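Here is a set of exercises to work through with the structure open beside you. Try each task yourself before reading its solution.

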Amino acid sequence: MKKFVWMIAIKVIAVVAVIGVAVYTMMPASAAELKPFDGPTPALALNTLEGEAVNLEQYRGKLAMVQFWATYCTPCRVEMPSMNRLQARLGDDLVILAVNMGETTEEVQQFVDEVNPEFSILMDDDGSALAAWKVFAAPATFIVDPAGKIQYTLFGATEWDSEEMVATLKALM
């Protein structure tokens, strides 16, 4: 009987932990929660959903947002409209590269048809970019300045077009 009670207790604790992590990652972050980054910028060369080759280096001179995301990630789905609005506000001075975390083309295309992102969707078929950028959760976002250096990271969702966030990003341009 004691073993059964312990098993139930462990399951309850696990469920509570999973719910806690889910709630925490769905809470929008603010610009103040962007974490300064001090380290090298990994290479990023992938194909878009349409098969076009893209390399982060080709965007030198522009502010870049590199975001790792997945179709099953609810915070990713929720924040993508704000990324569309951010792109519209900052125009050609900003490039958004949304890197899918190893899902199939069919899964990603269905998501894109539903959410309508207005920026490049890159496919990390083998997880090499995920490993190089040391991503462990979705969404994981890196803000890369025009010189090609990562300035900030953010793990979790945010309203990318908030006044505070727009001002922070404009300061990097």
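The exercises below go from the sheet to its helices, then to the disulfide and the nonpolar cores.

A word on the model comes first. This model is predicted: local features need pLDDT of at least 70, side-chain atom pairs count only at pLDDT 80 or more, and totals for chains, interfaces and linings use all residues. Residues are numbered from 1 along each chain as its sequence is written, and side-chain values use heavy atoms, leaving out hydrogens and water.

**Exercise 1. Find the order of the strands in the sheet, and work out which strands stand at the edges.**

Step 1. Helices (H or I, at least four residues) and strands (E, at least two) are DSSP runs, numbered from the N terminus. Two strands pair if DSSP finds at least two bridges between them.

Step 2. Follow the pairs, and you get an open sheet of eight strands in the order β1-β8-β7-β4-β5-β6-β2-β3, with mixed pairing.

Step 3. β1 (35-36) and β3 (53-55) each have a single partner strand, so one side of each is left without a neighbour in the sheet.

Step 4. β1 runs antiparallel to β8 (residues 150-155), joined by two bridges. Here proline 36 stands opposite tyrosine 152.

**Exercise 2. Identify the buried residues of helix α5, and explain why they line one face.**

Step 1. In α5 (residues 163-170), the buried residues are Met165, Val166 and Leu169.

Step 2. Seen down the helix axis, they fall within an arc of 100° (taken from the directions from the axis to the C-beta atoms), so they line one face.

Step 3. What covers them includes β4 (63-69), α2 (74-90) and β7 (140-144).

Step 4. Zoom in on leucine 169, which touches Leu63, Leu86, Leu90, Ile143 and Trp160, not counting residues up to four places away in sequence. Contact here means heavy atoms within 4.5 Å.

**Exercise 3. Locate the disulfide and give its handedness.**

Step 1. Search for cysteine sulfur atoms within 2.5 Å, the cut-off for a disulfide. There is one disulfide, joining cysteine 73 to cysteine 76 (S to S 2.3 Å).

Step 2. The torsion about its S-S bond is about 80°, so the disulfide is right-handed.

Step 3. Cysteine 73 is buried at a relative accessible area of 6%, and cysteine 76 is buried at 0%.

**Exercise 4. Name the residues with the most contacts inside the largest nonpolar core.**

Step 1. A nonpolar core is a set of buried Ala, Val, Leu, Ile, Met, Phe, Trp, Tyr and Cys residues joined through side-chain atoms within 4.5 Å.

Step 2. The largest has 29 residues, and Trp69, Leu86, Ile121, Trp160 and Leu169 have the most contacts inside it. Its largest share, five residues, comes from α2.

Step 3. A second, separate core of 20 residues includes Phe68, Leu97, Val99 and Ala140.

Conventions: Buried means under 20% relative accessible area, exposed over 50%, partly exposed in between (1.4 Å probe, protein chains only).
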